[in-house]
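Hi,

Here is the structure I promised to pass on. Have a look at it first, and my notes come after.

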Amino acid sequence: MHVLSCDVTITDTSPASAVRAPATGAPAEQTWTPRLWGVLAVLCAVLFLDGLDVSMVGVALPSIGSELGLSTTSLQWIVNGYVLGYGGLLLLGGRTADLLGRRRVFLIALAVFAVASLVGGLVNDGTLLIVTRFVKGLAAAFTAPTALSILTTSFHEGPARNRALSVFSVFGASGYSSGLILGGLLTSFGWRWTFLTPVPLAVIALVAGFALIPRDKPAADGGHDLVGAITLTGGMLLAVYTVVSAPDRGWLDPVTLGSVALAAALLIGFVVTENKVRHPLIRLGILRIGSIVRANLSIVALFGSYLSFQFMMTLYLQDVLHWSPLKMAMALLPAGLVVAFGSPFVGRLINRYGTARLIISSMLSLSLGYVWFLATAGDTPHYTFTVLPTMLLLGGGFAFGFSSIMAQATDGIEDAEQGLASGLVQTSGQVGAALVLAVVTALVAGGAHSGGGDFGEFHPGVNLVSGVAVVGLVLNVIPLLRRSRPAHA
């Protein structure tokens, strides 16, 4: 799920991290003026809007497919178009804000988001709808890192910034949970309302941001890595397209083989570019750090399995079991509530138990949730016995995992590369989720063609997301076991 992506790394709340007054040594206090509260409200509103939009559109997928005649393969592009647009340009978005000015980039991207939402609610063509989702993903790739940058520069390091970050992070999860309910209600009147509703909210945030966010000066020097951004985004889009289209066309079809070769060439070109360009999107040397690599693979397991399972559940409950959009949304809501109410307490658990153990707990909870659903669903899953326990386990896994993975991804990194490490793990989550969803979609489409019927066509997809979660669990357990052997000996 871009899913819940608050994209926030909570800073250390210990006294040592606070800004201290030179004379007394006490933490410096920042006066929260009405304007400062207004800036925080605008930033929170945009993050809330992002979570709201993602979950509302997810609920509406079956209705969109029915009205526009879109297959399961086409519907996944409504999700993946947004995810790939967001993940492909996320690192470039943060850099652009530094070079051109945070306020300017934030407001322009928010305006693009509003326009794309309006167009998406009015079009009658599936391809145009997917294009608007991709454009919204591109806009989010600029609003998300820029909003966080505005927050960290508006609030002083220490108690003020930590308090603002806590409020900011809660709004992402709250937006996602609210979107499930609102999406169920709006889809009952028509799926277009899930696209049109964010428009006035975005316009209000745009006007308020124009009035409240202070002007800032662009960076004096630096540069863009446009070639890196284009090769990364193009390579990932083509890779996802190849995986989704290959089952119908054939893996040995010339078009499929050509797509594989071109996607590989673009991704190799990205690696070559990052090693040569003066201002790379990603300094590849950071991937020599084992904890960073594990964090990036863990976020792929977390986002990839969760997003894909939600996609399948949305189609299964509405298209196969004929649940109403509102009933389906309420069925998925417990996971969002666990994340919204549980995330604020994860920071204390990280301080007490460390990130490694919490990430293992996250992957274990996800794995148990998927396996429980496979073991108990049958042809008609019982809500209390199957769906509810599954969503509670998945919500707990996401709540434990997201903040812990983000903390591990930036732990021990120099201040100058904190933004790189944070942006890298967020990009891995979005791009990895897109690839897992592409494979899941191919499996589900194959199950439908084979005439599995009922839950049968989704069974291979749930098997895959279960395997992804288990791999994430194993990747994190092995290093912990290795570290414990010398102590035991």
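This is a predicted model: local features need pLDDT of at least 70, side-chain atom pairs count only at pLDDT 80 or more; totals for chains, interfaces and linings use all residues.

Residues are numbered from 1 along each chain as its sequence is written, and side-chain values use heavy atoms, with hydrogens and water left out.

The protein chain has 16 helices and zero strands (DSSP runs, H or I of at least four residues for helices and E of at least two for strands, numbered from the N terminus). Of its 489 residues, 54% count as buried (under 20% relative accessible area; exposed is over 50%, partly exposed in between, with a 1.4 Å probe and protein chains only).

Now the salt bridges (a side-chain nitrogen of Lys or Arg within 4 Å of a carboxyl oxygen of Asp or Glu): the count is three. Asp53 pairs with Arg133 at 2.9 Å, N to O. That pair links helix α1 (residues 34-68) to helix α4 (residues 126-154), 80 residues apart. Asp53 also meets Lys136 at 2.5 Å, again between α1 and α4, with 83 residues separating the two. Asp53 is buried at 0% relative accessibility, and Arg133 is buried at 3%. Arg192 forms a salt bridge with Glu67 at 3.3 Å; Arg192 lies in helix α6 (residues 192-196) and Glu67 in helix α1, so the pair ties together parts 125 residues apart in sequence.

His322 sits in the loop between α10 (290-320) and α11 (325-342), and counts as exposed at 63% relative accessibility.

Best wishes
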